[in-house]
Amino acid sequence: MPDLSVPTLTVAISSRALFDLEDSHALFEAEGIDAYAEHQRAHEDDILEPGIAFPLVRKLLALNVDAAPEAPHVEVILLSRNSADTGLRIFNSIQHHNLAISRATFTSGEPTWPYIKPFGTQLFLSANPDSVRRALENDIAAATIIPARAAAHRSDQLRIAFDGDAVIFGDEGERVSQEGGIEAFHRHERERAREEMTGGPFRGFLAALHDLQAAYPPGKDAPIRTALVTARSAPAHERVIRTLRAWGVRLDEALFLGGRPKGPFLDAFGADIFFDDSQHNIDSARSHVAAGHVPHGWSNR
């Protein structure tokens with residue numbers, strides 16, 4: 001169990017994102033809670049297969065291995081709408097896969113999002129879009145995690161990529177672009193190049209991830225690598241760079257794509273997950289990497 005006196009990156013994850021529970025979920029949808037509960041009890045010794053977020057969770061928890069006692073650590077919290085009774089299969093699978101997850105909440109069908117904040121969570125990942133929206137409404141970084149159509153294990157290094165506007169930053173620029181077009185957006189950003197941008201829903205998570213990165217020397221041997229992958233291009237780049245500098249946040253790579261499809265670039269970066277507010281960009285990304293849709297900002301109204 002983590003030492004709570006040590007700063008921690010805390011990630012909460014739903015059971016359906018961690019394990020493949022789609023067949024069980026389909027049974028629940030078709031036949032109801034009693035059939036679902038009977039099925040889970042009958043199969044509680046059958047180990048669940050890894051789900052969408054399993055590789056990401058394994059890499060996150062691997063950061064604790066051989067970490068110094070005083071170093072920041074990662075904790076993963078399980079949030080499940082199962083009951084404790086039907087959730088026994090999930091804990092059995094956690095133990096089988098040797099995942100260092102000890103804290104969990106089982107709500108017997110009630111929403112799980114109210115318990116995210118008390119755990120001090122910086123990020124919530126779920127397969128349920130409604131839960132994600134409620135978390136975002138309560139100022140918690142959250143994403144609906146979506147599987148890649150073709151994903152491959154690249155390396156042991158954890159690689160996380162972010163969109164900018166409406167994810168790391170506020171959605172002001174996105175609103176201007178949608179309402180006035182690209183020229184209006186570039187004019188808006190040139191005029192405000194030295195004005196710090198507002199923070200978006202993932203600013204806190206990015207800061208916590210940066211604090212974790214700071215425990216390791218930068219370079220190719222660092223266990224974490226991050227990237228900003230944005231549709232922005234010059235001259236809209238300057239405000240982004242100055243804002244990150246003002247926040248004291250390090251991003252290892254910044255890709256200003258000027259509207260080019262993001263998927264091939266995320267593939268080249270080797271992202272374990274990419275967070276974006278645009279469903280269009282998510283569709284491009286998931287042809288190559290796992291993606292987290294952030295239903296926030298102007299494009300999700």
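Biologist: How many of the eight residues of E2 are buried?

Modeller: The model is a predicted one, in which local features need pLDDT of at least 70 and side-chain atom pairs count only at pLDDT 80 or more, whereas totals for chains, interfaces and linings use all residues. Residues are numbered from 1 along each chain as its sequence is written, and side-chain values use heavy atoms, with hydrogens and water left out. Buried means under 20% relative accessible area, exposed over 50% and partly exposed in between, with a 1.4 Å probe and protein chains only. Strand E2 is largely enclosed by the rest of the structure, because the number of its residues that are buried is eight of eight.

Biologist: Which residues of E2 point the other way from His-73, Glu-75, Ile-77 and Leu-79?

Modeller: Strands (E, at least two residues) and helices (H or I, at least four) are DSSP runs, numbered from the N terminus. The residues of E2 on both sides are buried. Opposite to the side of His-73, Glu-75, Ile-77 and Leu-79 point Val-74, Val-76, Leu-78 and Ser-80.

Biologist: How many bridges join E1 to E2?

Modeller: Two strands pair if DSSP finds at least two bridges between them. E1 covers residues 8-14 and E2 covers residues 73-80. Leu-9 has Val-74 as its bridge partner in E2, and Ala-12 has Ile-77. The two strands run parallel, and the number of bridges is seven.

Biologist: Why is E1 described as largely enclosed by the rest of the structure?

Modeller: E1 also pairs with strand E4 (residues 123-126), in the parallel sense and over three bridges. Val-11 stands opposite Leu-123 of E4. E1 is described as largely enclosed because its buried residues number six of seven.

Biologist: In E3, which residue is the bridge partner of Leu-78?

Modeller: Strand E3 (residues 104-106) pairs with E2 in the parallel sense over three bridges. Within E3, the partner of Leu-78 is Ala-104.

Biologist: Which residue with a positive phi follows H5?

Modeller: Helix H5 spans residues 88-96, and its buried residues include Arg-89, Ile-90 and Ile-94. The residue after the helix has a phi near 60°, and it is Asn-98.

Biologist: What is the angle between the planes of Phe-202 and Phe-205?

Modeller: Rings of Phe, Tyr and Trp (its six-membered ring) pair if their centres lie within 6.5 Å; planes under 30 degrees apart count as stacked, over 60 as edge-to-face and the rest as tilted. The structure holds nine aromatic pairs, and in the edge-to-face pair of Phe-202 and Phe-205 the centres are 6.1 Å apart. Phe-202 is buried at a relative accessible area of 0%, and Phe-205 is buried at 2%. The angle between their planes is 85°.

Biologist: Which residues form one aromatic cluster with Phe-202 and Phe-205?

Modeller: The cluster contains Phe-202 and Phe-205.

Biologist: At what distance from the ring centre of Phe-269 does Arg-159 lie?

Modeller: A charge sits over a ring if NZ of Lys or CZ of Arg is within 6 Å of the ring centre and within 35 degrees of the ring normal. Arg-159 lies over the face of Phe-269, and the distance is 5.1 Å.

Biologist: With which side chain does the side chain of His-293 make a polar contact?

Modeller: A polar contact is a pair of N or O atoms within 3.5 Å; within protein, one must be able to donate a hydrogen and the other to accept it, and residues adjacent in sequence count only if both atoms are side-chain atoms. His-293 is found in strand E10 (residues 291-293) and is buried, with a relative accessible area of 10%. At 3.4 Å, the side chain in polar contact with that of His-293 belongs to Asn-300.

Biologist: Which backbone oxygen lies 2.9 Å from a polar atom of the side chain of Asn-300?

Modeller: Asn-300 is placed in the segment after E10 and is buried, with a relative accessible area of 18%. The backbone oxygen of His-296 lies 3.0 Å from a polar atom of the Asn-300 side chain. The backbone oxygen at 2.9 Å is that of Asp-277.
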